[in-house]
Amino acid sequence: MDQKLQMAGTQSQLEMGSLAVNVSLHEFEDESLFSPESVIQKMQPGHISEYGSAPGGFQPGGSKMGKNVVYKSIKTVVFSNKLNLLIPFGPLTILVHILTGHNGLVFLLSLLGIIPLAERLGYATEQLAMYTGPTVGGLLNATFGNATELIIAIYALRNGMIRVVQLSLLGSILSNMLLVLGCAFFCGGLVFYRKEQVFNKASATVNSGLLLMAVMGLLFPAVLHFTHTEVHYGKSELALSRFSSCIMLGVYAAYLFFQLKSRKDPYIPLSEDESQHGENEDDNDEIPEIGKWESVIWLLIMTAWISILSEYLVNAIEGTSRAWNIPISFIGVILLPIVGNAAEHAGAIMFAMKDKLDISLGVAIGSSTQISMFGIPFCVVVGWIMGKPMDLNFQLFETATLFITVIVVAFFLQEGSSNYFKGLMLILCYIIVAASFFVHEDLPPEDKSSTP
């Protein structure tokens with residue numbers, strides 16, 4: 001009897017113990033639902049990359065997740081664009097320069113190698129701008145939007161090739177205003193040939209005014225030089241250029257403030273109704289494809305690689321001109337802008353074919369405004385710091401070409417509408433400009449500085 005009681009007591013204790021164990025297991029499961037380890041285990045790799053590495057015992061898997069993030073970033077940035085097939089031409093440029101030193105081949109390979117890097121630099125800038133908000137994002141686009149042209153210009157300026165700097169920046173303006181905008185109008189008009197595409201006349205008018213102001217800044221030093229009416233010959237022209245450059249930089253800063261603060265979205269037509277405005281805002285809410293720090297790292301990598309190739313490109317310009325029997329003015333005005341404007345060219349056409357002509361106009365005319373009111377004055381100030389006599393005297397032929405181009409484009413933009421015929425006329429105007437610079441011989445430096 002006592003043994004039965006003991007066995008019963010033992011059985012009851014076992015039952016109570018198992019019940020306690022079950023209760024404790026349930027409590028552990030409930031608590032584990034909210035523990036950091038369980039949350040991390042349930043998170044996807046993309047979530048872990050966003051919130052950082054896992055604590056404690058999850059660190060061995062963190063290195064694997066880090067490798068996955070690096071692989072995904074490289075796949076997104078490098079292998080997602082067919083234009084990146086031209087990237088191997090960059091290392092090939094250095095190899096050909098070391099083995100052969102052929103200037104024409106080095107120039108061509110570096111030109112091809114920079115094209116995808118310029119496009120990826122714009123991509124990294126857009127991705128970073130999604131994290132910084134509209135104000136800082138606008139400043140980033142203003143800074144890195146034409147970084148390729150500025151890098152090439154600074155390298156040429158450092159080597160004392162002032163005419164190459166002037167011609168390449170002038171060519172970038174002409175290319176954006178005539179070729180890029182013309183192709184956008186032409187392709188958009190062919191896709192929507194049954195209707196007339198419209199854009200915001202207010203933004204176009206502001207940009208046209210800024211371009212005319214830039215022409216005025218370039219015109220006065222050239223007229224002052226060729227009329228020999230300087231108070232101090234050789235000094236007044238340079239002083240006027242530096243003073244005008246500071247004014248132009250101040251005006252461009254005010255323009256950025258106007259774009260970013262005074263108006264929410266300058267590329268949405270003012271005549272659209274509320275529903276269309278809301279749809280456009282929804283379309284603009286894009287999700288970043290890479291992280292913030294990934295964008296910064298890729299931005300630094302692309303800038304450094306463009307800088308390396310730009311040095312080979314600039315050093316091969318004069319040798320290429322002799323080898324190919326092509327004027328340096330044609331290389332600077334026509335060939336070099338192809339590098340920096342490849343991304344703008346493709347983007348403007350793509351948006352025009354989607355009937356987003358205001359964005360195409362912002363890409364083409366906005367880039368021209370940026371170079372004329374920021375890029376050129378910036379190079380004058382940088383030359384001032386370097387001790388180089390970089391001025392705004394682009395010579396009469398180049399200044400007259402820019403003035404006529406701005407007038408023609410301003411007439412095409414005044415109606416606020418476009419079609420394929422307008423685009424065709426702009427393209428043909430660019431062909432005329434290219435032919436003019438092909439037969440134009442630039443004056444040697446000694447003739448420009450000769451006394452009257």
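Mentor: The count comes to seven aromatic pairs. Rings of Phe, Tyr and Trp (its six-membered ring) pair if their centres lie within 6.5 Å; planes under 30 degrees apart are stacked, over 60 edge-to-face, and the rest tilted. Take Tyr-252 and Tyr-255: their pair is tilted, with 5.9 Å from centre to centre and 40 degrees between the planes.

A word on the ground rules. This is a predicted model, where local features need pLDDT of at least 70 and side-chain atom pairs pLDDT 80 or more, while totals for chains, interfaces and linings use all residues. Numbering runs from 1 along each chain as its sequence is written, and side-chain values use heavy atoms, without hydrogens or water.

Back to the tyrosines. Both sit in helix H10 (residues 236-262), three residues apart, or about one turn of the helix. Helices (H or I, at least four residues) and strands (E, at least two) are DSSP runs, numbered from the N terminus. Tyr-252 is buried at a relative accessible area of 6%. Tyr-255 is buried too, at 10%. The cut-offs: buried is under 20% relative accessible area, exposed over 50%, partly exposed in between (1.4 Å probe, protein chains only). Ring pairs join Tyr-252 and Tyr-255 with Phe-374 and Phe-378 in a cluster.

Now another geometry. Phe-397 and Phe-437 have ring centres 5.3 Å apart and planes at 80 degrees, so this pair is edge-to-face. Phe-397 belongs to helix H16 and Phe-437 to helix H17, so the pair ties together parts 40 residues apart in sequence. Phe-437 is buried, at 0% relative accessibility. Phe-397 is partly exposed, at 33%.

A ring can also meet a charge. Arg-120 lies over the face of Tyr-123, 4.2 Å from the ring centre. The test is NZ of Lys or CZ of Arg within 6 Å of the ring centre and within 35 degrees of the ring normal.

Stay with helix H16 (residues 396-413). Its Glu-398 meets Arg-163 in a salt bridge, at 3.0 Å from N to O. Arg-163 is in helix H8 (residues 162-191), so this contact ties together parts 235 residues apart in sequence. A salt bridge here is a side-chain nitrogen of Lys or Arg within 4 Å of a carboxyl oxygen of Asp or Glu. Glu-398 is buried, at 1% relative accessibility. Arg-163 is buried as well, at 13%. The whole structure holds five salt bridges.

Next, helix H17 (residues 420-438). It gives the most to a nonpolar surface patch, with five residues. The patch consists of Leu-190, Tyr-420, Phe-421, Leu-424, Leu-428 and Ile-431, with about 560 Å² of accessible area together. Leu-190 comes from helix H8. It is partly exposed, at 44% relative accessibility. Patch members have over 30% relative accessible area and no salt bridge; like charges are joined within 9 Å, nonpolar side chains (Val, Leu, Ile, Met, Phe, Trp, Tyr) within 5 Å. Areas come from the Shrake-Rupley method with a 1.4 Å probe, and for residues only the protein chains shown count as cover.

Lys-422 makes a salt bridge with Glu-415, at 3.3 Å between the closest N and O atoms. Lys-422 is buried, at 10%, whereas Glu-415 is exposed, at 53%.

Finally, the setting. The chain has 18 helices and two strands. Of its 452 residues, 44% count as buried.
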